[in-house]
Amino acid sequence: MSRKSCFSLLLLVFAVLCFGASDAHACSCGPTPTVLDSYEGADAVVITRVVSVEKAEQSDGDGHIPAGVRYVNGVKSTRMLVERVFKGSMKTGDEITFGQGGGADCIWTFSEEVIGAQFLFYLSSREKNPAVWYGFGCGRSGGLNHVADDLLYLNKLDKVRGKSRLSGTVRLNAAGALGEGKRIRITGAGKTHEVKTDKNGVYEIYDLPAGRYEVEPELPPGWKVNTYYLSYSPSVAVDAQSDATKKIPVLLEAKKHAALDIHFEIDNAVRGKVYDPEGKLMRGVCVSLILPQGEVPSYSLRSDCTKETGTFEIKKIPAGSYVLAVNLGGKLSSREPFKRFYYPDVSERERATVINVGAGETLEGFDIRVPKLEETVAVEGVLLYSDGKPVAGERVVFKADAATTTKDTIDGDANAMTDAKGRFSIRILKGLEGELSADVFAYVGEFENCPKLDALIKKAEGNGRMSVIKTEAVKIQAGRDLKEVEIRFPFPGCKKAKQQEGSKQER
């Protein structure tokens, strides 16, 4: 089972109305509500067990059927048995049916693998149509092994109803390992309280006075609070700093709940710089940490590409032994015109320097020099509108002809952004042939008095209101440096319409 994220119910309704449940685009969740808010906002709160799923007839591996309707995992609906009722008119033993979400429309999807699994659902009557329920993807509903915080409150609802509550779950990493027995210090209203997480990683405290509190978790050695997840708490004070890694401010209202889930991440890094054979710093070179032995992966999640300053920094590294690989994919490209090699300067991984990284360690000073670069040529020019105005801040793309590249060893495509004067400079592997062009996405009425652009949008393929408008492609033979290459859009530069942001800006 997967929960598809969404920002709000309004966005969900819009997506379903505009695209249909099976075709709606993906959306993003906002802060997760507290247990109390979810309980009060639901018409029914129940624990269910999956009994069976109804499969789509003649579905293929992707869930498509001849009529063209797509059912995720080939499932049309899921039948569940109500095992416990915390709120609502349902009774233990009732059977309910859930419709299948479309995979990217904020509605829950199920598969045969969840038969027998238990779930906690916060259900609203708006999710029923008419005898089939649709689980809303954002919120606190979840598999029974992921809702320990909720059950800790719901299982003693009669005893704690009306009391203030501060609670959350502590997780050691993104994989979901729970932090059991972690001390949480809570300071506010002139007092300091200390609680510990239980076997499920959950902490809670009741009857705190309303006000602002600082939550200070016990940090495992070499770890820190992952501030990214703080934005999903509905209770973090709006003035909290992005680097609030030790004391996290939360707001608690009288007789209400405050929620703060805490995720830890490993606090370590490997840093260095990449130079070309002449000692110049290189931008856009990707450096990866991989294991010293075993099959060479095609990519690594522990990697970073050099910035303008030629520096890289690989963070959040599980403790262990690694080697540094440069251009791990091995393809020649304008950004990395060299084959894969390993630090300090060897082509065989077995000869690479082994780096031991521990939690809390920052290792620096890894200066990497690329031994040899394949030749590249520079293509410089300007991107203009049809009336000669420069096009600033748009991307110019070189697309290499397939005949001049080798799929497994050469990535011939390249791109660059134009500056304030519309100028660009792209480096291309010498000997390649291809086309240079640019495109822009626009819609009718986006710009004032721009009939040429509006006509092009209406003429282009699509719905007639918005489209991608392209320049004519310029043929390129990268045998030598090329200068003063000119690319033009087939419409003039126009001023943004007043209802758009930056109405005085010009294209």
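Here is a short tour of a predicted model, one selection at a time.

Before you click, note that residues are numbered from 1 along each chain as its sequence is written. Local features here need pLDDT of at least 70, side-chain atom pairs count only at pLDDT 80 or more, totals for chains, interfaces and linings use all residues, and side-chain values use heavy atoms, with hydrogens and water left out.

**Stop one: a sheet.** Select residues 269-275, which make up strand β16 (strands are DSSP runs of E, at least two residues, numbered from the N terminus). β16 and β19 run antiparallel and are joined by five bridges. Zoom in on Ala 269 and you'll find Lys 315 of β19 opposite.

**Stop two: aromatic rings.** Pick Phe 98, Trp 108, Phe 110, Phe 119 and Phe 121: ring pairs link them into a cluster. (Rings of Phe, Tyr and Trp, the last by its six-membered ring, pair if their centres lie within 6.5 Å; planes under 30 degrees apart count as stacked, over 60 as edge-to-face and the rest as tilted.) The count by this rule comes to 14 aromatic pairs. One of them is Tyr 228 with Tyr 229, edge-to-face at 5.2 Å centre to centre and 85° between the planes.

**Last stop: where does Val 468 lie?** Select strand β31, residues 466-470, and there is Val 468.

Definitions and conventions:
Pairing = 2+ DSSP bridges. Helix = DSSP H or I, 4+ residues; strand = E, 2+ residues; numbered from the N terminus.
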